[in-house]
Every structure is written in C-alpha cells, then in structure tokens.
Amino acid sequence: MKIAYIVPSLQPTGPIILVQSLSKYLGECGCDIDIYYFDGNTKQLDFACKTYQIAFSDPIDFDSYDIVHSHCFRADLYVNKHKKLIHTAKTLSTLHQDTYISFTYDYWKPLAHLLTAYWLHVQSKNDRVVAISNQLRDLYNTRLKGTELKFDVQRHDVAVVLEINHTDYDRRIELYEHF
C-alpha cells in the first residue's frame, strides 16, 4: 500500500509526531510512505521515509498513492484545492482537537466559529475523517454534513508517550486496508 501524508511542516508538534510514528510503523509493515510538507523549519523531525517540501499551489501526483492522509488545516485545504485531480486515491483527514476551542485561542469568537465551519466543510469532502477520540467524534459527527458514516475513532496514545502501541497501529492498518 502506498500512502502520502500531507502536513504543514516537519516541526515537532503533536500531529507531526503522530505522523512520524505512524509512518515509521507502517513502513516497517511494508507500506510505501512519503511525507509532503509546506514549511521548512530550523527544527524538524527526522522521518524514516522520503520527505518532500511542496508549494501549496503545486499538486503532487495524488493518484500514484492508494491513500492521501492530510493532517491540519493547510494540509486539508491543499487536498481540497486539488480534489479535481484525485481520481483513484482515497483521501483521509484526521481531527486532532476541538477545532472551535483551538481557534478561540487565536481569533475573535465569531471568526473562530466561521473558521471552524469552513474547516469542517473542507474535511467533509474527504472520503473519511478520523477523530482521535470518542469525544471529538461525538462533538463533530453531527457538524460534518454527510460524513457520519465516514467518521471513525482512532486513539493515538503514541503521540503522547512516544512509544509504538501495536494494538492501535494494527487497527490503523486495518482501517487503511478496509478503506
């Protein structure tokens, strides 16, 4: 199976650490993994697979992958922007946090509400959305219009303890295989 992860940067933040761990484990299981990112930073995580810096306006060859898995707002926007070029690859997005609450830390609440609604609209265009907890799934399942049946829960303890939890990864591989 060939998987492309699209992330905003390789900076060591929660979602990127999760991608690093997933890509390492799935690579060890025989998957062909590539990581695409937008921003070059001075402090970047090392990956056990190929990484490519891309421009937001330049599409990758999406259909050379079985799954294109985006993490974070810009990565989701990127996949949505180029959706017309995706014919065979399946798209997957991960919901990492309570989006509205996260936006209220940086924006005026009405703007946070609009940004949240827009991001959920963008995520609803994916073939599947994965929440990292039951709480997030329950909170956003009714807000992701038309994606109720596409919404799965996947716990990623590895992002917190930085250890591979084979049970969770085996479930992730199963999710990918049954995609």
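**Entry 1: the loop at C72.** I began at C72, which sits in the loop between β4 (67-71) and α2 (73-81). For the record, helices (H or I, at least four residues) and strands (E, at least two) are DSSP runs, numbered from the N terminus. C72 is not a glycine, yet I read a positive phi of about 85 degrees there. Is C72 buried or exposed? C72 counts as buried because its relative accessibility is 19%. The cut-offs I use are under 20% relative accessible area for buried, over 50% for exposed and partly exposed in between, with a 1.4 Å probe and protein chains only.

**Entry 2: ground rules.** The model is predicted, so I noted the limits: local features need pLDDT of at least 70, side-chain atom pairs count only at pLDDT 80 or more, and totals for chains, interfaces and linings use all residues. Residues are numbered from 1 along each chain as its sequence is written, and side-chain values use heavy atoms, with hydrogens and water left out.

**Entry 3: confidence.** pLDDT is the predictor's confidence in each residue, from 0 to 100. The chain has a mean pLDDT of 81, with 78% of its residues at 70 or more. Over residues 155-166 the pLDDT is below 50, and this stretch has 22 contacts in the model beyond near neighbours in sequence. Contact here means heavy atoms within 4.5 Å.

**Entry 4: the pocket.** Which residues line the largest pocket? I listed P15, C72, F73, T94, L95, H96, Q97, T99, S102, F103, D106 and W119, so my C72 turns up again. The volume of this largest pocket is about 250 Å³. Both β5 (90-95) and α3 (99-104) supply at least two lining residues each, and α3 gives the largest share, three residues. Sorted by class, the lining has six nonpolar, five polar and one charged residues.

My terms for this entry: on a 1 Å grid over the protein atoms alone, a pocket is an open set of points where a 1.4 Å probe fits, with protein on both sides within 12 Å along at least five of seven lines, and lining residues have an atom within 4 Å of a point. Grid points are joined across faces, edges and corners, and the volume is the space filled by probe spheres set on the points. Ala, Val, Leu, Ile, Met, Phe, Trp, Tyr, Cys and Pro count as nonpolar, Asp, Glu, Lys and Arg as charged, and the others, Gly among them, as polar.

**Entry 5: strands β4 and β5.** I then followed the strands on from the pocket. β4 and β5 pair in the parallel sense over five bridges; a pair needs at least two DSSP bridges between the strands. V68 has T91 of β5 as its bridge partner. In β5, five of six residues are buried. In β4 I also checked H69, which is buried at a relative accessible area of 0%. From H69 to I6 I read 6.2 Å, C-alpha to C-alpha, although they are 63 residues apart in sequence.

**Entry 6: strands β1 and β2.** β1 (residues 2-9) and β2 run parallel, joined by seven bridges, and V7 stands opposite Y37 in β2. Why do I call β2 (residues 32-39) largely enclosed by the rest of the structure? Because six of its eight residues are buried. In β1, I3 counts as buried at 0% relative accessibility. Its C-alpha is 9.7 Å from that of F62, 59 residues apart in sequence.

Entry 7: L10 lies in the loop between β1 and α1 (14-28) and is buried, with a relative accessible area of 2%. Leaving aside neighbours within four places in sequence, L10 has contacts that include I16, I35, Y37, D39 and L45.

**Entry 8: helix α2.** The buried residues of α2 are A75, D76, L77, Y78 and V79. They pack against β1, β2, β4, β5 and α4 (109-123).

**Entry 9: the whole chain.** Last, I stepped back and found seven helices and seven strands, in the order β-α-β-β-β-α-β-α-α-β-α-β-α-α. Of the 179 residues, 46% count as buried. Among contacts between residues at least 6 apart in sequence, 62% join residues at least 24 apart.
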